[in-house]
Structure formats: structure tokens, C-alpha cells
Amino acid sequence: MKILLVILSLISIASEPLFGDRHPELWLKAKGIAEANWQLVPGFTKQTMVTYQTKSEKILHSMDIIVSHRLNEDGTIVNEIVEAVIGGEESDNPENNRMITGILEKDMTPRKRGMFLSDNPNNPSVEATGELMEINGFACTSFRFTYEDSYSDSRKAVYSGTAWLDVSTGAPILLLFSMDKLPMMLRELSIEQYYHFEPETNTWYQEKIVSDARVSLLIRRLTNESTITYSDYWRYDND
């Protein structure tokens, strides 16, 4: 259970908008798009997670949860369970599950932080690869990046990977990355982030995160797969 909570923390940090104040023109366009959309909040989050023995593929734990995020009268964002299925059965008391409690306690208030909105010109570091690929109808080019951030009060992580940006607008469409130094017991970690972009309105937001983690517990080898989707975005404005 503890390692699953660590994985959730890493995915949570990974969900922060990426990139920073670097020189390539396309990169600066990406920064502008992030600046215009950082106040967007998903109305719903759906997370599907399964943990199984890597060799036998025997499922040890599964969870499907839908959480709504709405603005309260006092300006805070309230997280509420819409549906929770644990181990294939609908849960009557999902609040008693530690992982679900962590999701419900997550502060969804948007903040201008993360790689996209970094003021440090050296973090992240980026390098154009010149590679081209069509992704979800967008002609994209890729950049290799390295970014340092904190995933808890006392721990920092260095993320490295590839960012695919729309060649016309600079909008990030897909990010593929992992951590340079994994926490204890975590042997492998891969994260994919997919973004939705509407060129006509310049609307851009995170649509899905897919993660795959391989865990080593003494002689046991476990795999944790998670898919998080976001929908029904609304703009937070609490001035």
C-alpha cells in the first residue's frame, strides 16, 4: 500500500503543466499557451488502477473511481466521490480507503507552477531533436527535456523524457518521461501525458495520464498500471 501511495504522489507531481522559460521560439509559444490556460480545473477525474503480480499476472488490487471537482461558496474546490469500485465491487465506504482519501484530499486549486511556468531559465533544460510525428491530427516535433521538481516536502525528483509540440502553435500534445532516480522498491516507471488543444480558441488542458510502474518487494515483482482521465473543465477565478 505504501509504494502505491508513493506512485500516486509521483503521478500527481507529473500532472503539473510542464516546460519553462527557454529560448526556442516554439518553446516560448508553449509557455504562452500554458499562461493562458493555467486556471482551468477539471470538473471530473476518472482513475483506473490495477496492481498485479508481474510474472503470473494475478490481480492483487484494482480500483475505479470518479471524483467531481466543484467550486464552493468560500472559493475552495470541493472533491466529491461520484463512483468508487474497489476489487470489482462498488464500495459503500470508499472514504476508508487510504488511496481514495488521498485523492479526495488533493488540493485542486490551480497554481502557476510546474515546468511550463518555471521562471528558472536552467530548469528545465531542453534540446530539439528534429524528429517529426503526427499525433491526434497534429504535426508535432519533439524536444528532449530534463526537469527537477519536488514530489513531497523533503524529496526532489529529476524527470527526463520527450515532449511533442505542435509545429504550428507550440501546443504540447504528448509527453513521455520517467524519473532519473527512482524511489526505493520502484524498479521502473513510465508516464505518458496526453493534452487536448483547440487552435480556434487557444484552449489547452491535460486530457489523460497513463503510467506503468514496476515494483520490487523482496522476492515479489509487482506491476501497477494507472490511467487518469480529466473532463468537463471550468475556469477558476477567485479574485
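Trainee: Let's begin with turns. In the hairpin of strand 11 and strand 12, which residue takes a positive phi?
Mentor: That's Leu218, with a phi near 55°. The hairpin has two residues between the strands. Keep in mind that this is a predicted model.

Trainee: And how many bridges join strand 11 to strand 12?
Mentor: There are 10, and the two strands run antiparallel. Strand 12 covers residues 220-231. If you want a landmark, look at Val210, which stands opposite Thr227 in strand 12.

Trainee: What about strand 10 and strand 11, in what sense do they pair?
Mentor: Antiparallel, over 12 bridges. Strand 10 is residues 186-198 and strand 11 is residues 203-217. His196 stands opposite Tyr205 there, with Tyr205 in strand 11. The hairpin of these two strands has four residues between them, and Asn202 takes a positive phi near 65°.

Trainee: On to aromatics. How many pairs does a search of the whole structure find?
Mentor: Seven aromatic pairs. One of them is Trp27 with Phe143, which is edge-to-face at 5.0 Å centre to centre, with 65° between the planes. It links distant parts of the chain: Trp27 sits in helix 2 (residues 25-37) and Phe143 in strand 7 (residues 138-150), 116 residues apart.

Trainee: Are those two, Trp27 and Phe143, buried or exposed?
Mentor: Trp27 is buried, and Phe143 is buried too. Trp234 and Tyr236 also form an aromatic pair, a tilted one, at 6.5 Å centre to centre and 50° between the planes.

Trainee: Why does Tyr236 count as buried?
Mentor: Because its relative accessible area is 11%, and the cut-off for buried is under 20%.

Trainee: Changing topic: where is Lys106?
Mentor: In the loop between helix 3 (98-104) and strand 6. Lys106 is partly exposed, because its relative accessible area is 31%.

Trainee: What's the overall picture, then? How many helices and strands?
Mentor: Three helices and 13 strands. Of the 239 residues, 46% count as buried. Among contacts between residues at least 6 apart in sequence, 55% join residues at least 24 apart.

Trainee: What pLDDT does the protein average?
Mentor: It averages 86, and 85% of the residues score at least 70. But pLDDT stays under 50 over residues 1-11, for which the model has 30 contacts beyond four places in sequence. Over residues 16-23 the pLDDT is below 50 as well, and that stretch has 42 contacts in the model beyond near neighbours in sequence.

Trainee: What should I do with the coordinates where pLDDT is low?
Mentor: Where pLDDT is low, they should not be read in detail.

Note on methods
Residues are numbered from 1 along each chain as its sequence is written. This is a predicted model: local features need pLDDT of at least 70, side-chain atom pairs count only at pLDDT 80 or more; totals for chains, interfaces and linings use all residues. Side-chain values use heavy atoms; hydrogens and water are left out. Two strands pair if DSSP finds at least two bridges between them. Rings of Phe, Tyr and Trp (its six-membered ring) pair if their centres lie within 6.5 Å; planes under 30 degrees apart count as stacked, over 60 as edge-to-face and the rest as tilted. Buried means under 20% relative accessible area, exposed over 50%, partly exposed in between (1.4 Å probe, protein chains only). pLDDT is the predictor's confidence in each residue, from 0 to 100. Contact means heavy atoms within 4.5 Å.
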